Amino acid sequence: MIIDVHCHYGLWSFAMDKFEVDKIREYLDKFDVSKAIFSSAKGIVYDFAEGNRELIEFLEMDDRFLGYLVLNPNYFEESIREVEKYKENEKIIGIKFHPGYSKVPIDDKRATEIVDCFSDTNLIYLIHTWGASMASQLAKLANKFPTVKFIMGHTGGDTWFDCVEIVKPYPNIYVEPCSSYADRDKLRLSIDTVGLNRVLFGSDFTLINPAFVIGMVEGGGLTQEEKEAVYYKNAMRAFFPE
Amino acid sequence: MKILDVSTVFGFYPYRKLDASLQTLREIIENYDAKALALSLKGVFYDAGEGNEETLNLLRTDKNIYPMATYDPRAYPRNIRLIKELDSKVFLAVAFFPHVQGWVVDFAPFRLALEVVGDDLPVIVHAGGYGEITKVARLGAEIENPIIISGIGYSNMSEAIAVVQKTENIYIETHLLNSPDALEFLKKYIGTDRIIFGSGTPLLSFETAYQVVAKSSLSDNDKEKIFYKNWEELKGVRV
C-alpha cells in the first residue's frame, strides 16, 4: 500500500502522452497506490486558477484522488481568493508552491502572507525545492510557522544530501525523494538524518514513473518497518491524524 | 530474465560520501543475477590511463563484470594513444563523460578521439542538455561504431527520438528514462531495437532501472531485447 503525496494532473510540455483518468487509475492499481495527492500541471507552469478548476473536476472521478491547490504568489489577492473558494472542499488537503515556475522565492513576503492567512487550517504545503538555497528558504518559512506542515518536494533535488541537514532542526518539514536521478542512498540518508517519521513517499507522477521512487525504497537498504513508514504510515499521520 | 547493464562504475566518488566500491557493485550485480560493463571512476575524475589500467587489472578475470574503457578529451593529446590502441578483445566499450568533465560534445579533441577509436568498439556518451544529443548524432553519422547515448529523460526525449529516427547507429540507454510509459512511448516512435539497459549503479538505484523495464507493459520479447539482446546484436560486441 502506498500514499503518494506528490502527483500531478494534466499535460506536460515534453515528449509524452497526457495521462487521462483511466491511465492514471491503471498506474495507481499497478503500484498499489491507495491515495494520491495531485496538483495541476497547468496550474504550475501556466494559469493556476484554470488549472485548479480542472483539478477539482478530476478529483471527483475517483475516491483515491486528493488534491493540492496551486497558488502563485505573484497573484496574491487571487491566490487568497482561490483558497477561500475551495478550502471547504474535502478533496483539497494542501497547497502547492513551485518557486521555479512562478519565480517567487519560498520565503517571499507574499508567500509568507499566504501561509499566515491559512495557518489555522490543516492544509499542508508541498513546496518544490531544488538546491540548498531553496531548502534554507523553506526552513525560514517553517520556523516562522511551527504549527504548519511543509513537504520539501524532491528533498532539495541535486543537493538533497545537504538539504536534509538544513531542514533537520524543523520537525514540521517532511521530505519526499522524487527526482529524475534515483540516488541509491537517498532514502537511507534521509531517514538517518531527519528521522523515519518525516520521510514521505512522493513520485512526481504523471511527470515521473512511480517505479523510480519505488525502486529507491526497495533497493535502498530499508527494513520492512521503514518501508511501510515511508510508503504510507507517515503520510497517514501527517494528512489524516486521528 | 538475463540482464546486461552497460552503465556501471566503481571506485572513489568525490562529490559526496558514498560507497561505490567494486565490492558493492559486485554484490548488486550478483543480487540480480546480472552481468555488467564497468569502469573505474579514477578514469572519469582523474586520469583515463590510470583508470583504464585499474579497470583492466580488477576486472580482467571477473566472470560477471566486464571492463569498459574511458577517455578524457581534456587531456588531449596525452593518452590519445590509449584510445587508438584500445584492445577490443579486452575492453567491451569506451565511455565518455562530457557532463561530468565539463566539455561540450562538439569539442575538437572528442571528435579526434572518435576518429581514432576502433570501428568495432561501441561508444557510450553520457550527454544530457538540449542540443547535445543532436551534436553526438552528427558525429555519429561520420563513424560506424554504435553510439549509445546515456542521460535521456523526459526533458530530452523528443531530441532522442529525432536523432534515432535520423541516424542508424544511435542507441538509447535506459537509466534516466524517468517518465511513466517512457518505454511504451519510445516503442511507438522508434521501436525497441535500439534501447539498451543501463542503471548507473552503484551511484544510482539498480532496482529503479530494473523496475522501469520490468514493470513496463512491453512484451517479454521487448524486455529481453532491452535487457540484453540489443546489446549482443551491436556491431562488434562480444560477451
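This is a predicted model: local features need pLDDT of at least 70, side-chain atom pairs count only at pLDDT 80 or more; totals for chains, interfaces and linings use all residues.
For the complex, the predictor gives an ipTM of 0.94 and a pTM of 0.95. Chain B has an average pLDDT of 94, and 98% of its residues score at least 70.

The contact between the two chains involves 27 residues of chain A and 27 residues of chain B. On the side of chain A that touches chain B, helices α1 (21-30) and α10 (210-218) each supply at least two residues. Of the elements of chain A, α10(A) gives the most to this side, with six residues. Sorted by class, the side of chain A that touches chain B comprises 15 nonpolar, six polar and six charged residues.

Within chain B, one open sheet consists of three strands in the order β1-β2-β3, with parallel pairing. Its edge strands are β1 (4-10) and β3 (65-67) of chain B, each of which pairs on one side only. On average, neighbouring strands of this sheet are turned by 35 degrees against each other, when direction is ignored. Strand β2 (residues 35-40) of chain B is joined to β3(B) in the parallel sense by three bridges. In this part of the sheet, B:Ala36 stands opposite B:Ile65 of β3(B). Helix α3 (residues 48-59) of chain B lies across β2 and β3 of the chain, and runs at about 140 degrees to β2(B).

Chain B also contains an open sheet of six strands, ordered β4-β5-β6-β7-β8-β9 and paired in parallel. Strands β4 (69-70) and β9 (195-196) of chain B each have a single partner strand, so one side of each is left without a neighbour in the sheet. Elsewhere in this order, strand β6 (residues 123-126) of chain B runs parallel to strand β7 (residues 147-150) of chain B, and four bridges join them. Here B:Ile124 stands opposite B:Ile148 in β7(B).

The helix pairs can be considered next. Two packed helices are described by the angle between their axes and the distance between the axes. In chain B, the axes of helix α7 (residues 132-140) and helix α8 (residues 157-166) come within 9 Å and cross at roughly 15 degrees. Because angles under 35 degrees count as roughly parallel, α7(B) and α8(B) are described as roughly parallel to each other. Their crossing is right-handed. From α7(B), the contact draws on B:Ile133, B:Thr134 and B:Ala137, and from α8(B) on B:Glu159, B:Ala160, B:Val163 and B:Lys166. By class, the contact of α7(B) with α8(B) has four nonpolar, one polar and two charged residues.

In chain A, helix α3 (residues 48-59) packs against helix α4 (residues 76-86) at an angle of about 15 degrees, with the axes 11 Å apart. The two helices α3(A) and α4(A) are therefore roughly parallel to each other, and α3(A) passes α4(A) in a right-handed crossing. The residues A:Phe48, A:Ala49, A:Asn52 and A:Ile56 of α3(A) meet A:Glu78, A:Glu82 and A:Tyr86 of α4(A). This contact of α3(A) with α4(A) divides into four nonpolar, one polar and two charged residues.

Another pair in chain A is formed by helix α8 (residues 160-167) and helix α9 (residues 186-194), which pack at an angle of about 15 degrees with their axes 9 Å apart. That angle makes α8(A) roughly parallel to α9(A). The crossing in which α8(A) passes α9(A) is right-handed. In α8(A), the residues A:Trp160, A:Phe161, A:Val164, A:Glu165 and A:Val167 meet A:Lys186, A:Leu189, A:Ser190, A:Thr193 and A:Val194 of α9(A). The contact of α8(A) with α9(A) has six nonpolar, two polar and two charged residues.

In chain A, a cis peptide bond with an omega of about 20 degrees joins A:Phe205 and A:Thr206. A:Thr206 lies in the loop between α9 and α10 of chain A. In chain B, B:Tyr76 and B:Pro77 are joined by a cis peptide bond with an omega of about 5 degrees. B:Pro77 belongs to the loop between β4 and α4 (80-84) of chain B. B:Asp33, a residue other than glycine, has a positive phi, near 50 degrees. This residue, B:Asp33, lies in the loop between α1 (22-31) and β2 of chain B.

Note on methods: Residues are numbered from 1 along each chain as its sequence is written. Chains are lettered from A and ligands numbered from 1 in the order in which they are written. Axes are lines fitted to C-alpha atoms, for helices over the stretch in contact, and angles run from 0 to 180 degrees between N-to-C directions. Angles under 35 degrees count as roughly parallel, over 145 as roughly antiparallel, 65 to 115 as roughly perpendicular and the rest as oblique. A crossing is left-handed if the near helix is turned anticlockwise from the far one by less than a right angle, and right-handed if clockwise. Two residues are in contact if their C-beta atoms, placed from the backbone, lie within 7 Å. Ala, Val, Leu, Ile, Met, Phe, Trp, Tyr, Cys and Pro count as nonpolar, Asp, Glu, Lys and Arg as charged, and the others, Gly among them, as polar. Two strands pair if DSSP finds at least two bridges between them. pLDDT is the predictor's confidence in each residue, from 0 to 100.
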